[in-house]
Amino acid sequence: MDKSKDLQELILERLNLSREMTEDEIMELIDEQIHLESKKRYLEVSVREQFRREIFHSIRQLGILQELIEDPQITEIMVNGTQGIFIERKGKIEKLAIRFESEEKLKHVIWQITAGCNRVVNEASPIVDARLSDGARVNVVLDPVAINGPILTIRRFPPNPITIEELLSMGCLSKECTNQLKVLVQAGCNILVSGGTGSGKTTFLNVLSKFIPDTERVITIEDSAELQIRNISNLVSLETRNANVEGCKEITIRDLLKASLRMRPDRIIVGEVRGKEAVDMLQSINVGHSAMTTVHANSVRDVVSRLETMVLMGMDMPLSAIRRQIVSGFDLMIHLGRLKDGSRRVLEIAEPEEIEEGEVKMKTIYRFEHKGISENGSIYGTLNKLGEFRHVEKLKMAQK
């Protein structure tokens, strides 16, 4: 066992576990112990600082994960028990040389995360979603569900939300498309953003939210708060809650959606629709509320079948009725994709047009055309405009 671990154990023995100790108090204990150690043997200043940082991270923060959390280039941290740690950096996944030495140390980090956001994870409730203080999203899966030990996944978001200018510089959008989206958001159009895992749906929803006029009352609803909306003064942020052993009742997205309709919203933003709440989402946008949300799907056309499935989970309705509500409710569907080079692009923007032969007919307005691969391996292409929006009633109303 190296010296920093010996010091850490001595400091842990001196911690006052009967109350929540401040960071300054813990730092003071660490400095005292390092000072005592320096009397026994010479410690260079750089070694002292390294001990100080490592011990504090292990006791108060997230141990070996802390430096990864603080690295702005890392967007995803994946801990596969004690077998290894993987990260995503600049769209590429790589395995690190470091790993947790024992399941106990990994579980201690998991406990720190979940305790800090009032979530409980144990054998009785082995799956939990949480978030760190900086907004990073955390998913934990423990045994007996996770066969190869505790699984911890952390998705990080930039401290400053990505701007539309950055998306333009990355080639995710065209200027013409951006201007059109801005007008549609300002007009109160109901917009659904679809895509696979890690395609940038939440990021894109954040960007679209910047076009919302500050005069509106906006309500956000999420499983775990990730949206970074800073341009709206009349903002209400709601987050779901899991049931726990103390008897606290579970509060779902569906519960929050119903509650939000009584809060005089001008616009409702749901982080992601993934279940029975699709019923309430469709009903709200079909009675005059403006909304924006995301859905996991492989294409804009797959969104319809995904919504149908989710609505049927919550209510027995004819498919024809569901499809009519989708067409009349959503004005715009934007599909994002993650390309092989790790870049995220808008692949298609379409408008639910009408019901034709019992199916929802989609009209493509913009579509990404793959042009080739550059010398550095980057995929390039253009977002081509293929048509005009037919349903412009909200645009006309907004211009009056």
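A crossover is called right-handed if, with the strands pointing away from the viewer, the path from the first strand over the helix to the second runs clockwise. Keep that in mind for this predicted model.

Q: What makes β10, helix α10 and β11 a right-handed β-α-β unit?
A: The path goes from strand β10 over helix α10 (residues 277–285) to β11. The unit is right-handed, so with the strands pointing away from you this path runs clockwise.

Q: How do you know that β10 and β11 are paired?
A: Pairing asks for at least two bridges between the strands. Strand β10 (residues 267–270) has 4 bridges to β11, and the two run parallel, so they count as a pair. One place to look is Ile268, whose bridge partner in β11 is Ala291.

Q: Which strand joins β11 through 5 bridges?
A: That is β7 (residues 191–195), also parallel to β11. Here Ser194 has Val295 of β11 as its bridge partner.

Q: Why is strand β11 called largely enclosed?
A: A residue is buried when its relative accessible area is under 20%. Of the 7 residues in β11 (residues 290–296), 6 are buried, so the rest of the structure largely encloses this strand.

Q: Why are β3 and β4 said to stand at the edges of their sheet?
A: The open sheet has 6 strands in the order β3-β2-β1-β6-β5-β4, with antiparallel pairing. Both β3 (92–95) and β4 (127–131) have a single partner strand, so one side of each lacks a neighbour in the sheet.

Q: What makes β1 and β2 an antiparallel pair?
A: Strands β1 (residues 74–80) and β2 (residues 84–89) share 6 bridges in the antiparallel sense, with Ile74 opposite Arg89 in β2.

Note on methods
Residues are numbered from 1 along each chain as its sequence is written. This is a predicted model: local features need pLDDT of at least 70, side-chain atom pairs count only at pLDDT 80 or more; totals for chains, interfaces and linings use all residues. Side-chain values use heavy atoms; hydrogens and water are left out. Buried means under 20% relative accessible area, exposed over 50%, partly exposed in between (1.4 Å probe, protein chains only).
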